[in-house]
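Reader: I would like to learn how to read ring contacts and sheets in a model. Where do we start?

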Amino acid sequence: MFIKVPHLPGKRKLLKLIAASVACTTFFPINSVSAEDIDDSNDDNKNVTVKNYLEGEDFIFTAERIPTNRWDTPANVYVITAEDIEENHYQTIEEALNHVNGVVTVMIGSKSSVAAMNGDSRVLLLIDGRRANNSQTDHNPLYKSDLMMFPSMKNIERIEIVKGGYSALYGTDAVGGVINIITKKGTRNETTLDLNYGSWSKQNYELTNQGEVGKFSWFLTGALAQSDAYHYKGPGTDALSDVSDYNDKSFSIRMDNRFTDRDSLTFGATYKTHKWFDKHFGGRYNNISLSYNFKEGTTTPGWLRYFNNNKTIWLPERTNMRMQGVEYQNGWEFGRHKIILGAEWHKNEASDPENGYKDKDVNNGGFYIQDTIRLGDKWNVIPGTRYDHSSKYGNNWSPKLSANYRADDKTKIYASWGRVYRTPTLAELYIVDELNDYYGNEYVLANGGENKLRSEKGHTETIGIEHNFTDDIGIAVNFFHSKMNDAIFWEKIMTPYYNSAGKITKYGVTHIPTNKEISKKYGVEISFSHKIDEHFSYNLGYSHTKIKNVLESSYWIQPNGYRVGVHYQNRGLHLNLLSFMASGRTEGESDWIGYPSSKYAVFDFNALYDINEFSTVYFKANNFTNQNYSPTSKDYHVPGKFFMVGATFRF
């Protein structure tokens, strides 16, 4: 297969690196040892089958880009499983992430984004390990990671959330952490139909079909969703958010063809349309990917893949964004070393006539290397580094060092340090903002071409401990710190207008992205879980974040976050009471983002009953305390209390 790659500076060097890596793997597998040949007393280092990885809660892929046992992984990780999604009938990724300790999301009308992890809005999104962030995003400072591109929760196998700096493995954007959405592979012949109806005439219809024929499998979903504008908690009463109605149509398919037990080919495609504000605004997502996977089921799997993500938004002017990429990784295990080597190339293109630019692009090529070193039976030490070359921002090195001490089967202590960075988006480089004078008249200011922005660069540190007192009681404590130089903020500027005589007649207000100051953050996160018996369990979470600069803290800061979950199951009945809360916020509304209150307590309740193996009924009550909890502006708010009933049928 031949893939034509557009021209970019350094492209030939990167392609030569990929070709050399493939050649070395094929013809010179020096000292490589298959997982089956490893003779080690620790079972965690032996063969890791794909099935065990997907079904085992103790295996994580995202933290080291290879499957590792959670207790040997020096990171603060959390996994949302397909079972969690089904039991709670999460309708969106945002809804699922809201109940993860330390994660803050934001909703802008009918759009949603990750606002922060480890106190940082620079979060990387992945789909099956490949990059989903593009260099366009949105010029809103909170809207850096788009959660709208995912068509259906029904095709998600698990969501791996890894907090902390990961530029050494993933490059730009991975400062606060990485969220990897892993899709389902067809494993049996089955069709499901899910129907639900709720407040504001909200309706969802989802059909899935999966199957296997020999070594070929598929998993496809189709969905229709719509809702009228929702109500929110206004000042003293409920109010209507007239920009929150939507109409969605989506389709996705994943096809896998296995050649041997160790290699396969995977093709994926998604299509989604999202229309809102009485269909005056709209968006379309169209993504494809093709991946050749080799050495599957071993501790050092590899792949060569191509993907192409397209996004179009009408506001009402058409904004086009496209990201395509080629990614390669391979690994070798010998002795007490697991070495991985990878190379990537990405190109981002964007046109946004409404904001004054079109046909802009930026290219990035990079490679990374990492060695997981096992020192004795208790220590893992993981050094690594990554080199990136951007067509606009030159070269960048991102080294890291982490260590994990597994004191016993129920305790791990870990620490990590790493260099991190984020390159400016095309929106930040070329944005043309509106000026508004004190009479309410609108004007347009051109930034004179490209903004002179520098990459945000810094470092992150984390240290943590996890301990299970028994098989049913566990606690985790994590401390984090980060420092970013040349942090980009949208600065408010008063611009004078002059008459022919040279006198100022009025002032306009605009926001211009600028490298303003150093951003420092530190905090702590504590999680506790207890399974009382086979029916009852609960979990508690607390996070505290301190941002030591004024500008960024005004965007979203949630100084104190709390999570509570109470769960009951008995035969076919599942009950879940979930809550996310915050305190210590500063009230008031700025030009873009404000906070309706200094604290909130959101409670969600869901009930599911399996009538038999073919049918399930469920009920949801979200935000039944009717809180206005998210960062908001005068035009956007989060939904108020919401109720839904639904049923799932399997054939």
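Author: With aromatic pairs: rings of Phe, Tyr and Trp pair if their centres lie within 6.5 Å, and planes under 30 degrees apart count as stacked, over 60 as edge-to-face and the rest as tilted. This is a predicted model, and a search of the whole structure finds 18 aromatic pairs.

Reader: What are the distance and the angle between the planes for Trp200 and Tyr230?

Author: The centres are 5.8 Å apart and the planes are at 50°, a tilted pair. Trp200 is in the loop between β10 and β11, and Tyr230 is in the loop between β12 and β13, so the contact ties together parts that are 30 residues apart in sequence. Both Trp200 and Tyr230 are buried.

Reader: Which strands hold Phe536 and Tyr568?

Author: Phe536 belongs to β31 and Tyr568 to β32, 32 residues apart. Their rings form a tilted pair, 4.8 Å centre to centre with 50° between the planes. Phe536 is partly exposed, at 38% relative accessible area.

Reader: Which residues do ring pairs link into a cluster?

Author: Trp200, Tyr230 and Phe642. Lys202 lies over the face of Phe642, 5.0 Å from the ring centre.

Reader: Now the sheets. How do strands of a sheet pair?

Author: They pair through backbone hydrogen bonds, either parallel or antiparallel. Here, five strands form an open sheet with mixed pairing, in the order β3-β8-β9-β6-β7. β3 and β7 are the edge strands, each pairing on one side only. β3 and β8 run antiparallel and are joined by six bridges; Val79 stands opposite Glu160 in β8.

Definitions and conventions:
Residues numbered from 1 in each chain as written. Predicted model: local features only at pLDDT ≥ 70, side-chain atom pairs only at ≥ 80, totals over all residues. Heavy atoms only, no water. Pairing = 2+ DSSP bridges. Helix = DSSP H or I, 4+ residues; strand = E, 2+ residues; numbered from the N terminus. Phe/Tyr/Trp six-rings, centres within 6.5 Å; stacked < 30°, edge-to-face > 60°. Buried < 20%, exposed > 50% of the residue type's maximum accessible area, 1.4 Å probe, protein only. Lys NZ or Arg CZ within 6 Å of the ring centre and 35° of its normal.
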